[in-house]
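Dear colleague,

I am handing over the structure below, and after it you will find an account of what turned up when I went through it. Please read the notes with the structure open beside them.

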Amino acid sequence: MTAFRAPPKHHEGPVEWVRVHLFDGVFNSILTLLVVALVAWAVPPLLGWAFFHAQWHGSTREACAAATGACWPYIGARIGQIVYGFYDFDQRWRADIVFAFGAVGLAWLMIPRLPRKGWVGTILLTLYPLVSFILLSGGWFGLPIVSTERWGGLLLTLVVAAVGIVASLPLGVILALGRRSQLPVVRALCIVFIEVWRGVPMITVLFIASSMLPLFLPEGLEFDKLLRALIAIALFNAAYMAEVVRAGLQALPRGQFEGAAALGLGYWRTTLFIVLPQALRTVLPGIVNNMISMFKDTSLVSIIGFFDLLGIIQAGSTDLEWASPNVAVTGYLFAGALYWAFCFSMSRYSAGLEAQLAEGERR
Amino acid sequence: MSEAAAPMTAPMIALENVSKWYGQFAVLKDINLTVRPGEKIVVCGPSGSGKSTMVRCINRLESHDDGRIVVNGTELTRDVRNIDTVRREVGMVFQQFNLFPHLTILGNCTLAPIWVRKMPKKQAEEIAMEYLTQMRIADQAHKHPMQLSGGQQQRAAIARALCMHPKVMLFDEPTSALDPEMIGEVLEVMVDLAKEGMTMICVTHEMGFAREVADRVVFMDAGEIIEEADPHTFFTAPQHDRCRLFLSQILGH
Amino acid sequence: MAARARHVWWRDTHWRSIFAQALVLVALVAFAAWLAHNAADALARRHVASGFGFLDKTAGFSISQTLIDYTEESSYGRAMWVGLWNTLLVSVISIVLSTLIGFLVGIGRLSSNWLVAKLCTVYVETLRNIPLLLQVLFWYFGVLQALPVPRESLALGEWVVLNNRGVSVPEVIFGRGSWLVVAALVLGSAAAFALHRWAQHRQLRTGHRPVTWWAMPLLVLGLPAAATFSLGHPFALSWPELTGFSYEGGLTLSPELAGLTAALSIYTAAYIAEIVRAGLLSVARGQREAAEALGLTRGQSLRLVLIPQAMRVIIPPLASEYLSLTKNSSLAIAIGYPDLVAVFAGTVLNQTGQAIEILSITMGIYLALSLLTSALMNLYNHAHRLEGIG
């Protein structure tokens with residue numbers, strides 16, 4: 001069978017594309033011109049500030065004071081603090097090990113074709129946190145103690161985010177199950193818990209951790225400040241996670257529960273083997289979105305005196321050694337870029353998951 | 001049963017060498033079709049043959065890339081005014097009904113007459129009730145679409161299109177989304193409409209309807225019109241192999 | 001003869017559930033009692049008072065921005081109200097701005113114009129992936145504090161003055177008889193609205209809509225203008241003027257308020273844009289085709305068919321977003337804007353040490369806002385549900 005002739009010249013090609021997508025009608029043409037004007041007005045100065053007029057070399061503030069652009073040497077000089085906080089300089093290798101293993105583990109989970117994901121996932125959730133904690137805080141195996149007050153920078157941000165995310169998932173599942181429980185007392189308690197934590201700003205939760213929690217502990221017992229904050233964050237995130245999981249539970253057709261009951265499976269077996277696998281899979285994109293929010297929210301610990309990534313950057317902007325007008329903004333842009341890199345990757349991953357799941361759903 | 005051949009008048013719809021491409025893939029290949037006023041055309045063919053695309057080109061829901069389409073004297077081009085003129089004269093019934101869920105059935109039917117033909121509301125409602133009665137769903141007028149059965153919804157969609165007093169009615173697989181027991185009631189009203197002299201182009205697999213109502217049956221495959229004949233000839237003595245194969249698949253069960 | 005199963009109470013499902021719940025309650029009460037005991041102990045040791053009496057004590061500190069009267073002699077309770085009003089102020093302004101920007105960006109993302117769509121996508125994808133606190137700090141320390149000193153202010157003509165003391169605009173001073181002008185404005189607006197309804201009615205009755213586009217602005221602006229002239233200009237504008245080292249006169253928005261508003265609005269707009277986009281996409285494609293097939297213009301099909309259906313999907317998450325914004329305004333503490341958290345859970349808590357009472361009140365206020373929003377949302381959903389089968 002002979003092929004039909006090709007479409008006429010004007011049908012496709014760059015000129016046609018420009019006409020259809022940029023200049024389709026009077027209104028669109030005006031818009032295109034406005035946008036081009038806007039970009040031409042805003043982008044070159046930005047690029048100039050960040051790259052062309054920026055100062056790239058030097059080690060003191062004199063180098064930056066003269067420049068009209070970003071002050072990159074400042075970042076270079078402070079990179080150690082930005083990544084490790086005030087962690088003892090000669091012990092940083094411990095943090096490096098934790099970083100490396102975490103990265104390898106995550107990559108293993110995300111690259112599609114690698115096997116044994118179940119094992120890797122379990123290790124990541126059980127053995128890895130334990131080993132990391134021992135490595136980072138020390139006191140065992142002859143490792144010198146590094147108190148949590150010295151943890152900071154990207155290290156602290158990742159620790160807080162990881163603990164928050166990992167702890168909130170099982171807690172959230174339990175809360176969601178409790179909220180759908182047939183026992184009125186359990187259901188009421190879960191509803192109250194979830195609605196209270198979801199109805200207040202995170203900053204009040206952190207204040208509770210730093211000001212209120214010590215009051216409720218018996219005399220003599222003192223919790224590490226970081227641990228208190230982590231507990232508060234875990235509970236706060238669990239409430240949001242509970243709502244996401246609840247949506248997944250509600251989306252499950254009733255027939256699933258009935259089928260399991262007919263087979264004689266009890267409540268816990270049904271939940272563990274039938275309900276949760278399906279429900280969690282359905283809301284996996286929502287869970288990842290929740291994780292992105294948690295990651296961003298870790299920046300709030302800087303308000304109660306922790307020097308996470310944002311805290312270090314903010315503290316650095318008032319550093320006398322480097323004081324110059326561009327230092328603060330350089331710091332913000334760098335931190336912003338780091339956060340953006342993490343969060344955007346997570347959101348791309350979530351979009352990929354969604355596409356995969358949608359494909360699976362299509363019959 | 002078709003009427004005696006209509007006298008030679010200007011065609012209601014004329015497609016001349018109409019072609020359409022999606023990228024490099026030709027979905028319509030030099031389509032030539034003329035429809036006279038009062039004629040009923042049934043278009044059939046395997047899925048992917050381009051029959052829906054051809055029909056949707058007639059009211060510019062899709063645009064053709066080559067050739068000419070003239071509807072009731074107006075040529076379809078990129079000119080917005082021409083498109084609006086054509087859409088006012090052409091009514092369309094969709095496979096998925098596409099009724100507006102936030103309006104009542106009466107609201108669905110009066111929306112376009114009020115806003116496009118600038119009719120007073122009372123007059124629009126009277127006309128709507130007439131057509132709804134004709135479609136035998138007058139008692140559903142104040143309900144919302146989701147409260148009606150599939151067959152009732154499609155009849156409401158037909159009434160909605162008729163309220164604009166179109167010269168041509170296009171049907172894009174109107175019964176394919178219906179449960180079997182409701183197909184009959186929709187086909188019934190379509191037959192009545194045909195008998196009143198409406199010009200119709202109907203994409204469908206319902207061959208009984210074609211036999212009863214069509215003046216011409218058109219078979220399309222892979223973007224081309226393969227066979228075009230009156231129903232009797234079409235069903236008893238199709239000339240092309242592909243058409244014969246298609247008919248055996250459709251009518252076999 | 002059938003064997004009879006022994007009915008033991010500890011396997012009975014009814015008794016088991018009651019027993020389990022009783023256990024949970026007892027454990028909870030015991031835990032709460034233990035906590036309360038510890039707390040009472042700890043408070044006594046630190047010589048911190050209990051109870052809500054502190055609300056009447058003198059505050060002893062000043063607040064930089066107040067919507068209501070407040071001095072150093074006012075009570076802690078009054079300070080709380082000042083903070084609450086400030087929270088509401090920044091929230092309302094930000095809600096309005098973010099909605100405007102968000103709708104524009106959301107609709108823009110669906111534009112057929114490739115440039116506009118890409119630009120809006122970049123906006124959303126950038127701002128949603130950077131922490132709000134960082135954005136607040138950037139706007140405050142990076143932008144507003146970097147503005148020049150008043151003597152070298154950036155100015156848009158005489159109308160807007162930007163410097164590191166804030167954003168200044170002219171202030172309207174209401175003189176004698178100005179209430180008549182305001183009344184004329186209200187009257188004019190009401191008359192324009194009535195005209196609009198009359199035109200609608202005419203259209204439904206006869207099919208033709210009378211031309212009213214020129215009459216409405218005339219009523220809304222013309223009546224107050226006439227009143228102004230006939231009363232001899234009862235308004236005065238107080239312009240910001242440079243006297244010495246700073247600007248006097250006019251209305252000044254503190255850099256804290258400006259920075260927080262800018263960050264909140266721009267950040268939340270990105271989320272609102274996604275909500276709007278999802279709402280518009282949720283309307284099935286066939287709806288637009290059916291509307292176009294009937295001959296409705298693009299504008300008509302948007303107005304009569306697409307947007308009514310999209311709003312149903314947009315409004316509930318939009319309300320959640322507004323609530324989120326209000327909670328996020330608590331980041332004010334990072335830049336010194338005196339909102340509820342900064343004033344009450346910050347300064348007052350530091351001075352009195354009564355953490356439990358203060359945090360409970362603060363959380364209670366936010367919770368009340370949450371519940372109010374939920375209730376309003378349930379009302380809206382109920383009123384606008386699509387009638388369906390069953």
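**The sheet in chain C**

Val161(C) has Ser168(C) as its bridge partner in strand E3(C). Please keep in mind throughout that this is a predicted model. The two strands concerned, E2 (residues 160–163) and E3 (residues 166–169) of chain C, pair in the antiparallel sense, and three bridges join them. They belong to an open sheet of four strands in chain C, which follow one another in the order E1-E2-E3-E8 with antiparallel pairing. At the edges stand strand E1 (154–156) and strand E8 (251–253) of chain C, and because each has a single partner strand, one side of each is left without a neighbour in the sheet. On average, and with direction ignored, neighbouring strands of this sheet are turned by 20 degrees against each other.

**Where chain C meets chain B**

The contact between these two chains takes in 29 residues of chain C and 30 residues of chain B, and the area buried between them is about 2,600 Å², with carbon and sulfur atoms giving 63% of it. Two salt bridges are found across this interface, and one of them is between the side chains of Glu292(C) and Arg87(B), at 3.6 Å from N to O. The interface also holds six residue pairs in polar contact, counting those with both residues at pLDDT 80 or more. On the side of chain C that touches chain B, helix H5 (178–206), helix H8 (285–293) and helix H9 (298–328) of chain C each supply at least two residues, and H8(C) gives the most, with eight residues. Sorted by class, that side of chain C has 11 nonpolar, 11 polar and seven charged residues.

**Where chain A meets chain C**

Here 51 residues from chain A and 50 residues from chain C take part in the contact, and about 4,500 Å² is buried between the two chains, 75% of it from carbon and sulfur atoms. In chain A, the residues that lose the most area to chain C are Leu215(A), Phe216(A) and Lys296(A), which together account for 15% of what that side buries. Several helices of chain A each supply at least two residues of the side that touches chain C, among them H2 (26–52), H10 (202–216) and H16 (325–361). By class, this side of chain A has 36 nonpolar, 11 polar and four charged residues.

With best wishes

Conventions:
Residues numbered from 1 in each chain as written. Chains lettered and ligands numbered in written order. Predicted model: local features only at pLDDT ≥ 70, side-chain atom pairs only at ≥ 80, totals over all residues. Heavy atoms only, no water. Contact = heavy atoms within 4.5 Å. Buried area = accessible area lost by both parts, 1.4 Å probe. Salt bridge = Lys/Arg side-chain N within 4 Å of Asp/Glu carboxyl O. Polar contact = N/O pair within 3.5 Å; in protein donor to acceptor, adjacent residues only side chain to side chain. Nonpolar A, V, L, I, M, F, W, Y, C, P; charged D, E, K, R; others polar. Pairing = 2+ DSSP bridges. Axes fitted to C-alpha atoms, helices over the stretch in contact; angles between N-to-C directions.
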